[in-house]
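Biologist: Please take one part of this model and look at it closely. I would like to hear about its interfaces, in short steps.

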Number of protein chains: 2
Amino acid sequence: MAADATDAVFSPVVAPTTFEETVERLGTAIRSGVLSPGRRLPAERDLAEQLRISRSTLRQALTALAESGHLVAQRGRGGGTFVAERPPLAADPEGGLPDDWRERIAVRRAFEVGTACLAAEAAAADPDAAAPGIAALREQIVAMEAAAEFDAYRRADVALHVGLAELTGIRRLVLQATEHQAAATELIARIPHPWAVLAHSNAEHRRLVAAVERGDVAAAVRTVRRHLAGTQHVLAGLAPGRAGT
Amino acid sequence: MAADATDAVFSPVVAPTTFEETVERLGTAIRSGVLSPGRRLPAERDLAEQLRISRSTLRQALTALAESGHLVAQRGRGGGTFVAERPPLAADPEGGLPDDWRERIAVRRAFEVGTACLAAEAAAADPDAAAPGIAALREQIVAMEAAAEFDAYRRADVALHVGLAELTGIRRLVLQATEHQAAATELIARIPHPWAVLAHSNAEHRRLVAAVERGDVAAAVRTVRRHLAGTQHVLAGLAPGRAGT
DNA sequence: GGGTAAAGGTACGCCACTCACACCTTCGGG
DNA sequence: CCCGAAGGTGTGAGTGGCGTACCTTTACCC
């Protein structure tokens, strides 16, 4: 097992550029549905200011996202940059799982468990403040039940998990949640989704929301754990032999 | 509550440089004790290769760490770069908590809960493989009981939590664990630590390790949760009014 | 005692990225 | 019909990271 602490310390250092970070940020937000189709982004000059980057760099990112079908730009007065009507769901739908998929899914699991824990705590600490957020979660569950195709289902699924992070009130967790969800979508898109599985999954969603609502941390954690374990096992079944690094 | 998902998406983009990332990586490893005092780092040329960065950039980082008292360099054959005998525990012990301390401590809690969950699962899945790791955790607990001063206690504490992450076998979690621990140390260093509290804390450690050993996920999560809630409350008591952003 | 190898220390030029700034183009509304 | 708000374009400076070659120190070995 190569998880020794010193090995980890000496593992490669990555330094993403501003351009890459921006594409990642906006791209995941769009793919995960946090920025919904047709939505208008702030004007470039404003957005650059909000993101604390120069307009030049922002435009590089916007151009890249436009070329990859995430965004559509319209010139002239009343124009702007809009999220495409049918943005790509996953960044790279080429065959084969990335070889570190085990790590990714495990990190995501750890993250979700922790988030669910904090969300349940927040709901227990201030039920009134959490109520609207929880109602929003319920709406997503309804949307999932009504979903006629997998894309719609998955979008609501993502919204639910991101909404859970919102309950914690921690901005950083919300950001990470969208990233994890977008990453998870890319993996999940490659496995079959029989309706029976989706129905079962949604039953777990209901249980999760109920647990959060009554502030039952243990139940929330348990439910999330089982919920994600299913995904992990299905992926493991699809993995070519063992794909560990 | 400023944790709305779209707000998070449009929050500032940060792009750390390779230099900064490297200082962060090595600095946290040293401060958290993962790289222990007196330890020799790989030769610059080798280390640069391992970290996948140029030697020039690596040297910038090493120089900065040497100036801040983390490292000591010795020239000549048989020389090398060594971790200082008494490296600084915290990066910036200036007065006052950083204003986003609530976020930090919350993110850390979420992380630890998730990690404990995965660690307990790993132990349950393959008890024999996890046994040596768990024995190492017990050693840290013994070290904490024997600790005569807070520094020694804290180092063992960090080692315990990092060791927990190692049990999961996920390199990324180990890396994040050292970062969270180093960050936590900076906060914890500012609060008083009566021996009674430390003893109580260690009792929780024992319970945590026991829960992990028998693969009891629920108990592990519950224990970690309580364990960290204590820290959070003490910090909240020290916070100047409300330090929210 | 001198050579040699292994380590850190120094210098320099190239390239990619980021930024600020100025300007052009489109197009709806007053 | 013109103005203003939006995206689109171009340029030059500054900075950071990289590669490469070379220098200096020092322990060990013959």
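Modeller: Chain A is divided into domain 1 (18–83) and domain 2 (101–238). These bounds come from an automatic or database domain assignment. This is a predicted model, in which local features need pLDDT of at least 70, side-chain atom pairs count only at pLDDT 80 or more, and totals for chains, interfaces and linings use all residues. Residues are numbered from 1 along each chain as its sequence is written, chains are lettered from A and ligands numbered from 1 in the order in which they are written, and side-chain values use heavy atoms, with hydrogens and water left out.

Start inside chain A. The C-alpha centres of its domain 1 and domain 2 lie 27 Å apart. Each of the two domains gives 8 residues to the contact, where contact means heavy atoms within 4.5 Å. Domain 1 and domain 2 of chain A bury about 660 Å² between them, 63% of it on carbon and sulfur atoms. Buried area is the accessible area (1.4 Å probe) that two parts lose on being put together, summed over both.

Now the charges. Between domain 1 and domain 2 of chain A there is 1 salt bridge, meaning a side-chain nitrogen of Lys or Arg within 4 Å of a carboxyl oxygen of Asp or Glu. A:Glu186 forms a salt bridge with A:Arg31, with 4.0 Å between the closest N and O atoms. On the domain 1 side, the touching residues are 2 nonpolar, 3 polar and 3 charged. Here Ala, Val, Leu, Ile, Met, Phe, Trp, Tyr, Cys and Pro count as nonpolar, Asp, Glu, Lys and Arg as charged, and the others, Gly among them, as polar.

Next, turn to chain B. In the contact between the chains, 57 residues of chain A meet 57 residues of chain B. Chain A and chain B bury about 5100 Å² between them, 65% of it on carbon and sulfur atoms. A:Phe10, A:Val13 and A:Arg171 lose the most area on the chain A side, together 16% of what that side buries.

The two chains share 7 salt bridges. In a salt bridge between the chains, the side chains of B:Arg109 and A:Glu121 meet at 2.6 Å, N to O. Which helix supplies the largest share of the side of chain A that touches chain B? That is α5(A), with 12 residues. Helices (H or I, at least four residues) are DSSP runs, numbered from the N terminus. By class, the side of chain A that touches chain B has 33 nonpolar, 9 polar and 15 charged residues.

Key. Helix = DSSP H or I, 4+ residues; strand = E, 2+ residues; numbered from the N terminus.
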